Amino acid sequence: MFDEHRIGKPTTVVIDGPVIGADPAGAEVIDAGGAVLVPGFIDAHVHLDGTEALDQLAAHGVTTGIDMASLQPELTASLRGRLGTATMRSAGTPIIGSAGVHARVPGIAAVAVIHGPEEAEALVAERIADGSDYIKLMLEAPGEGGPDATTAKAVVAAAHARNVRVVAHTTTPGAYAMALDAGVDVLTHIPLGVALSSGDIERMTTGQHIAVPTLTMMEGVAESYGADAMFAASLASVGALHAAGVPVLAGTDANATPGVPFHPPHGASLHHELELLVRAGLSTVDALNAATVLPARHFGLSDRGTIAPGMRADLVLLDSDPVADIRATRTIRRTWCGGIEYGCAGSPTPGVTLDR
């Protein structure tokens, strides 16, 4: 079993309904045959467009998806609380500027644009009323049509006054710096072609910000533009953030959105993301934590991310040791989502033990 530090000695884990239990008495026993048990993976940046996306996540051992924007509150609500597949949290409708690249997405301008700081309180309150678990703020480089610095700060202040986290879209150095100035909690994406400055890395550390670099997406965008060399700077930035002690979370930007330059597949891309994080300088243990305990901790999912009694029974059984080789996360034998084995019909069994 992976315990956030290592693969431990052979042990028994009890699945008791939707949670991890402590008493194996009377339970059905599954002989895991020396396989490796890890917490269900969490993808900290996805875009969900239907139940199929949840199933694609679960089929690849991703038991939680952190949805980073949706223009369909009814769809988002319908994806919550499903049994036997991946679960999700969502930012709901993002907050964007009136003239940036995101304002050109069909239908978004009417519901997502903020025109100035005086609208921040109302928009944040509206998002929370619609069920947003956190606020997504789409930042552009200064002068490129996104929310200006004063507006960004007002959005963060309004959200923090309600104890809600703010995630900022930051694909350029200018947007990255603006997000730090505004005090956002999570910066998602990493600039291409230019490494983060030492000053911004220091501010990430001192300000206790979180990074979700979405290396899979940034690599795909670089390749789509025929500029593979640009991606080297992104890898260097992630390595520097990690070395400085900034929490780095695994997120892929998995999506099927028309017009987006690259479409990482739901579920499968998470394993590539882990491999890229290791390539950037994280250890295999750090990469595993980036997809389990760290996103759970920093997105307030206190019931998952680790294997311990009382925690949600989101579990993945692997044939090989991912601490020895991160590519082993692909060797999935079985997956449980809230105690229900994915792909198996019916309700969770009253008790199951995974024996050594």
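Colleague: Why is Glu126 called partly exposed?

Modeller: Its relative accessible area is 40%. Buried means under 20% relative accessible area and exposed means over 50%, with partly exposed in between (1.4 Å probe, protein chains only), so Glu126 at 40% is partly exposed. This is a predicted model, in which local features need pLDDT of at least 70 and side-chain atom pairs count only at pLDDT 80 or more, while totals for chains, interfaces and linings use all residues. Residues are numbered from 1 along each chain as its sequence is written, and side-chain values use heavy atoms, leaving out hydrogens and water.

Colleague: What makes Arg127 and Glu126 a salt bridge?

Modeller: A salt bridge is a side-chain nitrogen of Lys or Arg within 4 Å of a carboxyl oxygen of Asp or Glu. For Arg127 and Glu126 the N to O distance is 3.3 Å, so the pair qualifies. Arg127 itself counts as buried, because its relative accessibility is 1%.

Colleague: How many salt bridges does this rule give?

Modeller: The count comes to 13. One of them joins Asp319 and Arg333 at 2.7 Å, N to O. Asp319 lies in the loop between β12 (315–318) and β13 (332–337) and Arg333 in strand β13, so the pair ties together parts that are 14 residues apart in sequence. Salt bridges that share partners also join Asp181, Asp200 and Arg203 into one network.

Colleague: How do you know that Asp43 has no salt bridge?

Modeller: The nearest side chain of opposite charge, Lys136, is 11 Å away. Lys and Arg count as positive and Asp and Glu as negative, with His and the chain ends not counted.

Colleague: Where is Asp43 placed?

Modeller: Asp43 is in strand β5. Helices (H or I, at least four residues) and strands (E, at least two) are DSSP runs, numbered from the N terminus.

Colleague: What makes β5 and β6 a pair?

Modeller: Two strands pair if DSSP finds at least two bridges between them. β5 and β6 (residues 62–67) have 4 bridges in the parallel sense, so they pair. Val46 stands opposite Asp67 in β6.

Colleague: Why do β5 and β7 stand at the edges?

Modeller: The open sheet of 3 strands has the order β5-β6-β7, with parallel pairing. β5 (41–46) and β7 (87–90) each have a single partner strand, so one side of each is left without a neighbour in the sheet.
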